[in-house]
Amino acid sequence: MIKKSLISLFVFFMTSLNAQIQLDTSIIKNYSIIKEFYIINQKKFMAIRSYEYNSRINFLLIDLDTLKTSVISQNEKKKLKKTTDAVLLKTNYFELREKALDNSEVMANAGINDSINKIGINLTIDMCPSSKKGYEKELFEEYLKFNESNKKVPIAIAITYKWVNEHKKEFLSLIENKNLDITWINHSTNHYYNPFEKLSENFMLNSKTNLEEEVIEVEKMLLLNNQIPSMFFRFPGLISNKKIVNSLVNRFSLLPLGTNNWLAKSKKSITNGDIILIHGNLNEKQGVVKLIQNKKDIKQFDSIYNSLLIH
């Protein structure tokens with residue numbers, strides 16, 4: 001028995017050592033932005049991407065009621081019944097889309113920035129590009145644990161391609177962390193920022209921004225590493241304008257997610273229904289410290305999806 005345990009431990013150790021993060025998104029072919037509607041067993045879906053990987057055609061789907069995304073093969077898609085965009089009406093996705101568009105004109109914190117159901121705490125963690133080595137180890141490896149149960153902690157991580165490219169080991173640690181149930185929020189590919197530029201020309205409002213590249217490369221990177229992109233997008237710096245919000249929603253079928261409690265900047269306490277924003281990249285320690293010192297029971301953390309269900 002001991003010998004078998006040692007062998008299993010050795011195999012696990014070697015597997016972890018050999019695990020590699022994939023960043024060459026050119027491996028994914030024919031990545032296309034689509035909008036197709038399907039129904040099966042009264043469940044409603046919208047296919048928003050199609051792509052070819054390892055000679056297999058796949059599709060990224062949004063469940064229009066649960067808001068969760070999934071990847072299915074072409075053969076699996078054939079089991080779905082194609083329908084029209086009328087299926088959108090009276091779905092949670094449609095209601096949230098309208099809510100996001102109604103809040104598209106503000107420059108800061110546009111889109112969805114408050115929960116619908118004031119239950120639970122929604123923890124979102126931004127991983128912007130950083131020159132600092134490592135990540136918030138105390139947060140990810142110590143605080144976010146359930147010592148008394150096997151239940152995973154639901155969190156949402158706003159991820160950038162650039163951070164992953166510079167922190168492969170840390171990204172792998174997040175993926176392999178058995179304590180976490182991660183929802184991946186697209187936080188852009190490059191997260192452009194120039195401290196000397198005014199906000200109206202900064203972040204993704206910079207004239208050189210290629211919106212498609214900023215959105216798509218993150219999705220492809222996640223898919224390459226067997227992670228499912230969510231339908232959420234968080235603007236770098238939470239800065240946007242009506243034009244870019246409309247494009248994100250109408251063309252890419254993504255929903256901008258803001259916050260109602262940026263811990264490092266907010267003076268409010270943590271309450272049920274909060275969409276908390278902290279940084280896990282070592283660039284904003286005070287937010288992480290405030291979260292940990294608050295000593296909220298981790299059992300209060302809830303999935304971002306649950307907080308946004310209207311029906």
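**View 1. Glu-105 and Lys-242 form a salt bridge in this predicted model.** The closest N and O atoms of the pair are 3.4 Å apart. Glu-105 lies in the loop between H3 and E6 and Lys-242 in helix H8, so the contact ties together parts that are 137 residues apart in sequence. Glu-105 counts as exposed, at 61% relative accessibility. Lys-242 is partly exposed, at 40%.

**View 2. The buried residues of helix H8 share one side.** Helix H8 spans residues 242–250, and its buried residues are Ile-244, Val-245, Leu-248 and Val-249. They cover an arc of only 130 degrees around the axis, which puts them on the same side of H8. These buried residues pack against helix H3 (92–102), helix H7 (211–224), E9 and E10.

**View 3. Glu-219 and Arg-49 meet in a salt bridge.** The N to O distance is 2.8 Å. Glu-219 belongs to helix H7 and Arg-49 to strand E2 (residues 43–53), 170 residues apart. Both Glu-219 and Arg-49 are buried.

**View 4. Seven strands form an open, parallel sheet.** The strand order is E10-E9-E8-E7-E6-E12-E11. Strands E10 (255–256) and E11 (261–262) are the edges, and each pairs on one side only. E9 (residues 229–233) pairs with E10 in the parallel sense over two bridges. Phe-233 stands opposite Pro-256 in E10.

View 5. Helix H9 (residues 285–294) lies across strand E6 (122–127) and strand E12 (275–279). H9 runs at about 130 degrees to E12.

Definitions and conventions:
Residues are numbered from 1 along each chain as its sequence is written. This is a predicted model: local features need pLDDT of at least 70, side-chain atom pairs count only at pLDDT 80 or more; totals for chains, interfaces and linings use all residues. Side-chain values use heavy atoms; hydrogens and water are left out. Two strands pair if DSSP finds at least two bridges between them. Helices (H or I, at least four residues) and strands (E, at least two) are DSSP runs, numbered from the N terminus. Contact means heavy atoms within 4.5 Å. Axes are lines fitted to C-alpha atoms, for helices over the stretch in contact, and angles run from 0 to 180 degrees between N-to-C directions. Buried means under 20% relative accessible area, exposed over 50%, partly exposed in between (1.4 Å probe, protein chains only). The arc is that of the directions from the helix axis to the C-beta atoms. A salt bridge is a side-chain nitrogen of Lys or Arg within 4 Å of a carboxyl oxygen of Asp or Glu.
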